[in-house]
Amino acid sequence: MRILIALLASLMMLAGPAAIAQVTVSYAMDTPTFTLAHEDTDKYETLDTCYLNVSYQFKYRNSEKDDSLSFDDIMDLQMGRYYNAFFSRDLRALDTQNTKELKSTMQFSTIPENYVGFDLLFNHKDSLTTVTNRLPYTSQVIEYSELSESPEWTYIPDEIATVMDYHCHVATCNYGGRNWKVYYTNDIPVPYGPWKLNGVKGLVLKAEDSENNFIFEAVGLTQKPQPIIRYDWSRKKMKKEDWKKFEQEMYKNAGAFVRNTGARILIMDNSEQGFHRLNEDWSQYYNPLER
């Protein structure tokens with residue numbers, strides 16, 4: 001379990017062309033792990049209004065041996081006339097809470113390690129998907145865009161299921177280097193689903209990969225209008241392939257990456273001092289949705 005132990009008033013600057021101010025924070029934790037830093041939510045642009053919002057429980061692996069998929073988050077899919085958005089609902093709520101707390105008390109809550117740090121914005125007009133990725137221990141944000149190409153689906157007519165009391169049919173695809181199986185309902189005839197799993201004949205209510213790494217399952221659905229927004233963050237743009245290489249290297253050399261952010265990580269132990277500094281040789285478990 002992570003514990004925030006200090007918030008320093010001093011600011012440091014990240015090196016590089018996208019340098020930004022970063023609050024220096026010290027953390028203590030039982031085992032080393034990545035965690036996200038706070039992002040300010042005061043400034044944003046309203047792009048659209050959603051007509052349907054689906055909340056999915058996203059379960060995924062904490063480690064290679066974690067067959068129970070112990071990490072989970074709640075992610076919202078907002079569907080609008082001009083845009084769709086997909087993001088961690090709880091992360092967005094905690095960012096909003098922390099933005100208020102920092103202004104009034106200079107205190108904030110640490111972000112749980114299971115909260116997902118990416119979000120997607122689908123532009124229906126130009127068929128473009130913009131993916132935003134937040135880097136651990138820093139407020140720096142990396143962004144890439146790609147054409148919104150749906151997977152090639154194979155329909156399984158003899159297989160049916162029930163999700164959230166909706167009668168569902170089954171389809172499969174290979175996308176992003178993984179085999180996916182989805183459960184969609186014709187009762188809600190929109191061709192969307194969680195993450196990038198779009199293009200089937202109805203709303204996807206459940207999706208799972210064949211290797212038991214990830215499960216998205218709908219847990220809530222509302223037609224209450226909500227704004228679809230884009231936060232005014234400083235974003236560094238990359239090509240998708242460059243981001244994938246950068247992300248893999250970041251996980252492989254996690255200790256060195258954390259050192260370069262300026263964060264101070266203390267690992268609790270049974271020594272007389274009670275802790276030791278993070279080993280720079282540490283690597284973080286890497287298991288991306290898209291290989």
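Okay, housekeeping. The model is predicted, so to speak of local features we need pLDDT of at least 70, and side-chain atom pairs count only at pLDDT 80 or more, while totals for chains, interfaces and linings use all residues. Residues are numbered from 1 along each chain as its sequence is written, and side-chain values use heavy atoms, with hydrogens and water left out.

Now the overall picture. We've got three helices and 17 strands; those are DSSP runs, H or I of at least four residues for helices and E of at least two for strands, numbered from the N terminus. The C-alpha trace spans about 65 × 40 × 35 Å along its principal axes. Buried residues, meaning under 20% relative accessible area with a 1.4 Å probe and protein chains only, make up 51% of the 291 in the chain. As for contacts (heavy atoms within 4.5 Å), take those between residues at least 6 apart in sequence: 62% of them join residues at least 24 apart.

So, let's zoom in on Arg134. A polar atom of the Arg134 side chain lies 2.7 Å from the backbone oxygen of Ala37. Leaving out residues up to four places away in sequence, Arg134 also touches several others, including Leu36, His38, Glu39, Asp95 and Trp233.

Methods:
Buried means under 20% relative accessible area, exposed over 50%, partly exposed in between (1.4 Å probe, protein chains only). A polar contact is a pair of N or O atoms within 3.5 Å; within protein, one must be able to donate a hydrogen and the other to accept it, and residues adjacent in sequence count only if both atoms are side-chain atoms.
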